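Dear colleague,

I am passing on the structure below, and I would be glad if you could look through it with the notes that come after it.

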Amino acid sequence: MKKTVFTVGLIGALADISDAHLDAITTNPYFSLKAVCDTNEQKLQNKFNALKNVCLTTDYNTLLEDDEINTIVICTPNHLHASMTIEALKANKHVLCEKPMTISTEESTLVLKAMEASSGILVVSYHFEFFPEVQFLKQELSRFSPIKRFHFISSEHLSLTSGKEWNFVKHSGGVWLDWAPNALSVLKKIITENDNSNSFKILDAKLNSVLKLDIETNVSVKLILNHIEGELHIDWEANKGTFVAQTIFWDEKNTKITLDHATNCIYVDDKKIWNGNDSRYRDVYKDFSERITSKSSNIKSALFHNKLIDAVFKTVT
């Protein structure tokens with residue numbers, strides 16, 4: 001039986017995250033790269049000119065109008081996700097969109113309507129939930145008593161001259177919109193995956209910017225998520241060269257379980273018990289192909305994430 005091959009057009013090909021997508025596309029037999037798009041024509045040519053039988057373009061409409069392309073991958077700045085996803089769905093393409101799906105609940109509602117009217121399937125890329133330490137803990141969770149508390153912390157240095165200047169534009173949402181989906185996708189995988197209530201309560205939220213910008217670069221949120229209390233601390237103000245990304249759980253026996261996403265290790269009461277190798281985005285694309293085949297979008301998770309993210313913004317304004 002001949003396997004289905006999804007022909008891909010990648011929008012935002014010069015984004016730093018696009019390399020992980022390209023690796024996953026070219027190593028998965030169910031995907032074939034057909035076109036790449038970005039607004040900087042010279043850099044696009046320099047990076048991709050050696051690729052054979054791959055169209056290079058600065059106009060993403062070229063990808064949407066190409067009947068040979070049935071799958072669109074979106075790696076553009078956050079504020080473009082909604083409009084590009086909607087247009088791709090209207091063209092009946094399957095879509096893998098980088099998180100966040102949109103920058104507001106209102107935009108997410110429009111995306112949902114577009115998907116319901118399309119023959120394409122939308123999947124939002126939550127690669128943190130595919131990290132090996134997350135997958136391992138999910139499988140081994142029965143070793144511990146029920147989770148009673150959680151704490152997610154992320155810290156990295158993001159300079160105004162880092163090549164990610166779009167992060168600091170108000171409509172791209174800042175650190176909370178950019179990083180909250182990572183935290184929430186891990187929490188969903190571990191503590192809420194089998195709970196359809198999707199309930200939350202914001203206890204406290206502080207959004208700050210030491211850089212004196214009009215978007216937040218440092219966030220602290222206390223919340224109850226599906227009856228479990230926890231905290232999220234996320235910032236873009238760390239010292240250069242440092243990167244921290246951890247999810248910490250405490251079970252009812254007060255056992256401390258730390259998932260170190262920077263090194264893909266697991267610690268129990270600060271003793272390392274396991275480490276694995278990150279597959280980058282390869283597991284994301286495996287899941288994507290399976291979701292296309294089974295017609296099972298993860299848009300409900302994306303809608304819930306937007307609802308919670310919006311609730312925090314409203315709490316502090």
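What follows goes from the ground rules to the sheet, the helices, the cores and a few individual residues.

This is a predicted model, in which local features need pLDDT of at least 70 and side-chain atom pairs count only at pLDDT 80 or more, whereas totals for chains, interfaces and linings use all residues. Residues are numbered from 1 along each chain as its sequence is written, and side-chain values use heavy atoms, with hydrogens and water left out.

**The sheet**

Six strands make up an open sheet in the order β3-β2-β1-β4-β5-β6, with parallel pairing; strands here are DSSP E runs of at least two residues, helices are H or I runs of at least four, and both are numbered from the N terminus. Two strands are taken as paired if DSSP finds at least two bridges between them. At the edges stand β3 (55-57) and β6 (122-125), each of which pairs on one side only. On average, neighbouring strands of this sheet are turned by 25 degrees against each other, direction ignored.

Strand β1 (residues 6-11) is joined to strand β4 (residues 71-74) by four bridges, the two running parallel, and Leu10 stands opposite Val73 in β4. Between β1 and β2 there are six bridges, again with the strands running parallel, and Phe6 has Phe31 in β2 as its bridge partner. Five of the seven residues of β2 are buried, so this strand is largely enclosed by the rest of the structure; buried means under 20% relative accessible area, exposed means over 50%, and partly exposed lies in between, with a 1.4 Å probe and protein chains only.

Gly9, in strand β1, counts as buried at 0% relative accessibility. Not counting residues up to four places away in sequence, Gly9 touches Ala35, Leu63, Ile69, Thr71, Ile72 and Val73, where contact means heavy atoms within 4.5 Å. The C-alpha atoms of Gly9 and Asp66 are separated by 9.2 Å, although the two are 57 residues apart along the chain.

Helix α8 (residues 282-294) lies across β1, β2, β4, β5 and β6, and runs at about 145 degrees to β5. For these angles, axes are lines fitted to C-alpha atoms, for helices over the stretch in contact, and the angles run from 0 to 180 degrees between N-to-C directions.

The axes of helix α4 (residues 81-90) and α5 come within 9 Å and cross at roughly 10 degrees, and α4 and α5 are therefore roughly parallel to each other, a term used for angles under 35 degrees. In this pair, Ala82, Thr85, Ile86 and Leu89 of α4 meet Glu107, Leu110, Val111, Ala114 and Met115 of α5.

**Nonpolar cores**

The largest nonpolar core has 44 residues, and those with the most contacts inside it are Phe150, Trp176, Ile191, Leu232, Phe249 and Leu308; such a core is a set of buried Ala, Val, Leu, Ile, Met, Phe, Trp, Tyr and Cys residues joined through side-chain atoms within 4.5 Å. Helix α7 (residues 174-192) gives the largest share of this core, 11 residues. Apart from this core lies another, of 26 residues, among them Phe31, Leu33, Val36 and Val284.

**Residues to look at individually**

Lys99 and Pro100 are joined by a cis peptide bond, with omega about -10 degrees, and Pro100 sits in the loop between β5 (94-98) and α5 (105-116). Lys99 is buried, with a relative accessible area of 9%, and a polar atom of its side chain lies 2.5 Å from the backbone oxygen of Asp178. Leaving aside neighbours within four places in sequence, the contacts of Lys99 include Asn78, His81, Tyr126 and Asn182.

With best regards

Terms used: Polar contact = N/O pair within 3.5 Å; in protein donor to acceptor, adjacent residues only side chain to side chain. Parallel < 35°, antiparallel > 145°, perpendicular 65-115°, else oblique.
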